[in-house]
Amino acid sequence: MTQTLINKKAVSEKYSELYQVNRSTLDQGSSPVLNRMRDIAIKRFEQQGVPGFKNEDYKYTNLERVFGKEYRHIFEYEKVDVDLNEVFRCDVPQLDTYTILLVNGWYYARNKQLEGLPDGVVVGSLKQVANEQPELLENYLNRQAALSDDPLVALNTAFAQDGFFMYVPENVKFEKPVQVINLTRAQEAVFSTQRNLIIAGANSEAKVIFCDHTLTSSECLGNSVTEVFVGDRAVVDVYAVQNQNNKSNAINSVFFKLGEKSNLMSGVASLHGGLIRNNLLVSMDGENAEANVYGMSFTDKRQHVDNYTNIQHNQANCLSNQLYKNVLDEDSVGAFTGRIHVARDAQKTNAFQRNNNVLLTDTAKMNTKPQLIIDADDVKCSHGATVGQIDLDALFYMRQRGIGEADARMMLMNAFAHEVVQEIRIEPLRDRIDELVEKRLKGELGKCNNCDA
């Protein structure tokens with residue numbers, strides 16, 4: 001126990017020292033909107049340090065080991081010697097999107113100029129917009145993240161320099177999705193920090209797809225924070241497709257703030273990666289808001305995927321749906337912690353949460369912890385979780401009708417995952433995810449598509 005505490009302290013102190021040494025570099029060329037948050041954030045991180053098993057929200061994921069490794073930290077934009085628009089090929093080629101590349105947390109300098117954007121819509125580099133149009137960020141950046149007590153969110157705030165920014169004005173229907181491709185590319189182990197901000201004004205519509213990939217076989221660690229503000233009566237879809245190498249470690253924290261009568265669709269598909277931790281927090285701050293939150297993961301070898309959700313019902317007459325499904329093979333480990341908190345004045349709340357998991361081997365492990373905190377008395381809420389193996393009765397039924405065992409198992413697993421896939425509201429993405437899930441279950445995605453490990 002003593003050794004664990006010493007390691008935790010040493011790991012945390014390493015990042016504090018790194019901040020002090022590079023403080024001037026972080027400020028250089030950056031907007032005061034970003035710089036003003038750094039010192040407070042690093043102090044908040046220092047109070048807790050890297051979360052260990054004693055942190056109830058991180059009890060199923062050992063991050064001290066991950067953060068204790070040596071990485072090269074990227075504090076300045078690094079020019080890429082090839083055109084990544086030519087090197088990288090998207091997993092969803094038939095999807096018509098505005099495409100943005102980010103490399104190691106930085107907006108790619110060779111991104112093509114986006115044409116045909118609706119009037120008033122801004123899509124681009126967070127750093128550039130913060131310098132040129134700081135008024136767009138002033139009332140939004142760090143407004144949700146600052147409320148979090150997660151030390152890794154504070155660490156992101158201290159080190160963040162660039163990322164993705166999108167602003168959709170009131171009454172603008174931005175129907176064409178924006179696809180943000182996050183690439184990790186390096187010859188050695190790297191640590192990247194990325195900060196994203198999405199603002200959708202009242203009565204607007206917007207769709208964003210985040211795709212995480214690696215163009216390297218080296219180990220990497222990414223710490224990403226995304227804040228999404230959904231205005232009154234706005235409709236916003238945010239999807240994430242995670243397909244990285246077995247040496248990748250990714251911490252993704254996403255904050256949603258929902259206005260009155262707004263509608264949110266959030267979906268995450270973890271298809272491949274070494275260690276993935278997804279934090280999702282939804283603050284329902286307007287009456288009659290609706291949040292639909294879906295996720296699925298497929299793990300094998302010694303991969304680890306941990307999903308944490310926290311849905312805050314702060315106003316009356318709101319609806320939230322959560323469904324997370326996981327398929328675990330070989331020695332992989334999964335975790336799900338889902339929390340619904342209904343505030344005292346949030347009467348007439350409807351909140352539903354479900355986590356279903358299938359273990360394909362005796363050595364795969366799943367930890368699940370659904371939670372309900374209800375302070376109102378006129379609500380309809382439910383939560384539940386299951387961990388089991390393939391339904392042997394269904395398998396027997398299919399075998400009796402001439403279907404081979406391998407095909408029967410595949411059909412059952414596809415049906416299990418499809419309940420999540422069918423909720424995707426962008427049809428080409430839904431079809432492609434269906435294809436990738438099938439390949440993953442067949443073992444054809446034994447490694448991520450775009451790397452050599």
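Reply: A nonpolar core is a set of buried Ala, Val, Leu, Ile, Met, Phe, Trp, Tyr and Cys residues joined through side-chain atoms within 4.5 Å, where buried means under 20% relative accessible area, exposed over 50% and partly exposed in between, with a 1.4 Å probe and protein chains only. This is a predicted model, in which local features need pLDDT of at least 70 and side-chain atom pairs count only at pLDDT 80 or more, while totals for chains, interfaces and linings use all residues. Residues are numbered from 1 along each chain as its sequence is written, and side-chain values use heavy atoms, with hydrogens and water left out.

The part to look at is strand E5, residues 164-168, which is mostly covered, with 4 of its 5 residues buried; strands (E, at least two residues), like helices (H or I, at least four), are DSSP runs numbered from the N terminus. Two strands pair if DSSP finds at least two bridges between them. E5 pairs with strand E4, residues 122-125, in the antiparallel sense over 4 bridges, and there Phe-164 stands opposite Ser-125. With strand E7, residues 190-200, E5 pairs in the parallel sense, also over 4 bridges, and Val-168 stands opposite Ala-200 in E7.

Phe-164 also belongs to the largest nonpolar core, which has 43 residues, and is among those with the most contacts inside it, together with Val-123, Met-166, Val-178, Leu-258 and Val-282. Apart from this core lies another, of 36 residues, among them Val-241, Met-296, Phe-298 and Phe-416.
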